[in-house]
Amino acid sequence: MPFRIYNTMSRSKEELLPIDGEHVRMYTCGPTVYNYAHIGNFRAYIFEDLLRRYIKFCGFKVTQVQNLTDVDDKTIRSSIEQGLPLKEYTKTYIDAFFADLAKLNIEPAEYYPAATDYIPEMIAIIETLFEKGYAYQSEDGSVYYSIDKFTEYGKLARLDRKGMRPGARVEQDEYDKDNAADFALWKAYVLEDGDVVWDSPWGRGRPGWHIECSAMSMKLLGESFDIHTGGVDNIFPHHEDEIAQSEAATGKPYSKYWMHCGYLVVDGKKMSKSLGNFHTLREVLDMGYTGREVRYELLSGHYRQSLNFAFKSLDANRTALKRLDEFSTNIKEAVGSETEADDLPEWAAKTRSKFAEAMDDDMNISGAMAAIFDTVHAGNKAMSKTLLSGGQAVAISNLWKELDAVLGILEAPAEEASVEVTELLEARAIARAEKNWPESDRIRDRLAGLGWTVKDTPEGPKLRRL
RNA sequence: GGUGCGGUAGCCAAGUGGUUAGGCACUGGAUUGCAAAUCCAUGAACAUCGGUUCGAAUCCGAUCCGCACCUCCA
């Protein structure tokens with residue numbers, strides 16, 4: 001079954017066929033490192049993580065580039081406010097970004113280029129655009145891209161230029177532009193930029209926003225690559241402008257597929273810093289939720305759908321994850337010392353194909369998760385009647401590992417009980433043998449205080465993480 | 001005004017011209033010294049109004065409601 005993905009360019013699902021047949025090169029728009037990313041931002045990065053993991057599951061190689069926007073209005077303004085050099089200021093948030101990715105079990109991309117390291121590449125593209133007649137310099141010294149010169153402008157966003165309301169949201173500026181919709185390739189230096197400035201053939205200044213992605217993607221992935229992703233809010237203007245710049249400069253198709261994820265919303269409203277309804281990941285972790293629970297939350301809705309964030313969903317996820325963990329633990333116990341995989345029991349025989357069938361359809365995560373939970377359910381029923389053989393358990397365990405390479409949530413972080421905990425467990429067993437129930441219950445409460453619960457089963461007491 | 005997404009049981013969320021999606025919660029049961037934890041069972045739904053059809057939540061039309069983008073937001 002082919003992996004079909006929704007291409008914003010064609011507004012339809014298309015089979016993923018890498019340009020070179022085997023190696024998927026993807027570019028994902030990354031964070032502007034002027035602050036801690038909020039979990040709405042991570043929704044996008046989780047989507048991209050799921051995408052790269054599933055591409056690998058399908059047998060392709062992946063090279064992913066995720067940029068770090070470390071120069072723009074916000075980074076400059078904030079660094080000056082804090083009296084720090086730009087690089088030093090952004091480093092804090094770059095470090096925080098990587099720490100957060102790790103908490104969410106997001107696989108690292110192959111490259112994380114920072115915009116400030118690619119200024120010469122950006123200048124080279126702008127020079128080409130000048131040579132080809134797409135760029136012009138205005139009286140204030142800034143360089144703009146003339147969208148009228150690029151006849152395909154608007155093909156991604158499908159904007160009807162006539163129906164657009166210039167200034168619907170953003171103030172009409174007074175810059176000396178040929179067309180109000182032209183965008184900046186290079187911004188002439190202004191005092192507010194402090195010492196953030198580079199020399200260029202058009203004078204001192206700094207790059208426009210869109211040009212960095214064109215420069216870094218083409219440098220690291222080639223002039224034509226496979227997938228470009230981002231949030232739906234990037235479609236216009238950012239991605240539209242990237243296409244205009246890149247294709248005008250090279251004369252070649254830029255990205256073959258465009259994929260965009262929906263918003264994370266809170267009470268029906270887009271999570272954003274301007275609305276003040278956002279949470280950073282660290283805030284949520286400080287409340288006692290785990291990165292795994294947040295990952296489950298951000299993963300559990302289809303990526304093109306808006307996803308409503310709510311703490312009660314996180315609570316529900318915790319319960320659902322425990323169900324998965326209980327199953328995994330039971331399988332591990334059944335493995336015992338067996339190392340050779342036997343055939344899968346019949347209740348798990350179709351799991352992989354059901355999972356893949358759902359994921360092949362533009363990453364239908366709900367269907368994929370249903371395949372997981374159906375298996376857990378059928379497995380629990382079967383195991384209550386018939387013991388699983390060690391070999392079967394190994395087979396299930398292998399299957400789970402394979403699926404978790406895509407999902408990144410099935411494997412609970414291993415937690416060994418401390419010596420204190422195991423000693424308490426033994427003490428309780430003795431108390432119970434003596435039918436000393438008050439002592440037994442007292443020990444149980446202490447274990448609970450340490451984060452463990454005891455299951456009294458016919459095979460003896462078993463520890464589980466609370 | 002232009003463009004796009006959506007409205008499915010108490011909540012979240014897939015899917016689809018006829019056959020149990022799934023998760024959480026509720027309720028009942030099993031288990032237990034009692035609990036907890038765990039497992040099992042179970043009801044309930046497709047925004048409104050028309051139309052097509054043997055049959056519509058699914059297709060068509062209209063309407064209502066929500067969200068988003070329309071020049072530096074993931």
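Biologist: How many residues of domain 1 are in contact with domain 2?
Modeller: Nine residues of domain 1 are in contact with seven of domain 2, where contact takes C-beta atoms, placed from the backbone, within 7 Å. It's a predicted model, so local features need pLDDT of at least 70 and side-chain atom pairs 80 or more, while totals for chains, interfaces and linings use all residues. Residues count from 1 along each chain as its sequence is written, chains are lettered from A and ligands numbered from 1 in the order in which they are written.

Biologist: Which element gives the most to the domain 1 side?
Modeller: Helix 1, with five residues. Strand 1 (4-7) and helix 1 (39-57) each supply at least two. Helices (H or I, at least four residues) and strands (E, at least two) are DSSP runs, numbered from the N terminus.

Biologist: And what's the make-up of that side?
Modeller: Six nonpolar, no polar and three charged. Nonpolar is Ala, Val, Leu, Ile, Met, Phe, Trp, Tyr, Cys and Pro, charged is Asp, Glu, Lys and Arg, and the others, Gly among them, are polar.

Biologist: How is chain A divided up?
Modeller: Into domain 1 (4-270), domain 2 (320-407) and domain 3 (419-465), with bounds from an automatic or database domain assignment. The centres of domain 1 and domain 2, over C-alpha atoms, are 40 Å apart.

Biologist: New topic. Is Gln-245 buried or exposed?
Modeller: Gln-245 counts as buried because it has 29 C-beta neighbours inside 10 Å. The cut-offs, on C-beta atoms placed from the backbone, are 20 or more others within 10 Å for buried, 12 or fewer for exposed, and partly exposed in between. Gln-245 is in helix 6 (residues 235-250).

Biologist: What does Gln-245 touch?
Modeller: Leaving out residues up to four places away in sequence, Gln-245 touches Ile-125, Leu-129, Tyr-145, His-210, Ile-211 and Ser-214. Leu-129 is 116 residues from Gln-245 in sequence, yet 7.5 Å away C-alpha to C-alpha.

Biologist: At what angle do helix 4 and helix 5 pack?
Modeller: Helix 4 (residues 119-131) and helix 5 (residues 209-221) pack at about 105°, axes 9 Å apart. Their contact residues are five nonpolar, one polar and three charged.

Biologist: Last one: which residues touch the most other members of the largest nonpolar core?
Modeller: Ile-46, Ile-126, Leu-129, Tyr-145 and Leu-185, out of 102 residues. Such a core is a set of buried Ala, Val, Leu, Ile, Met, Phe, Trp, Tyr and Cys residues joined through C-beta atoms within 7 Å. Helix 1 gives the most to this core, ten residues. Domain 1 and domain 2 both give residues, so this core lies between them.

Terms used: Axes are lines fitted to C-alpha atoms, for helices over the stretch in contact, and angles run from 0 to 180 degrees between N-to-C directions. Two residues are in contact if their C-beta atoms, placed from the backbone, lie within 7 Å.
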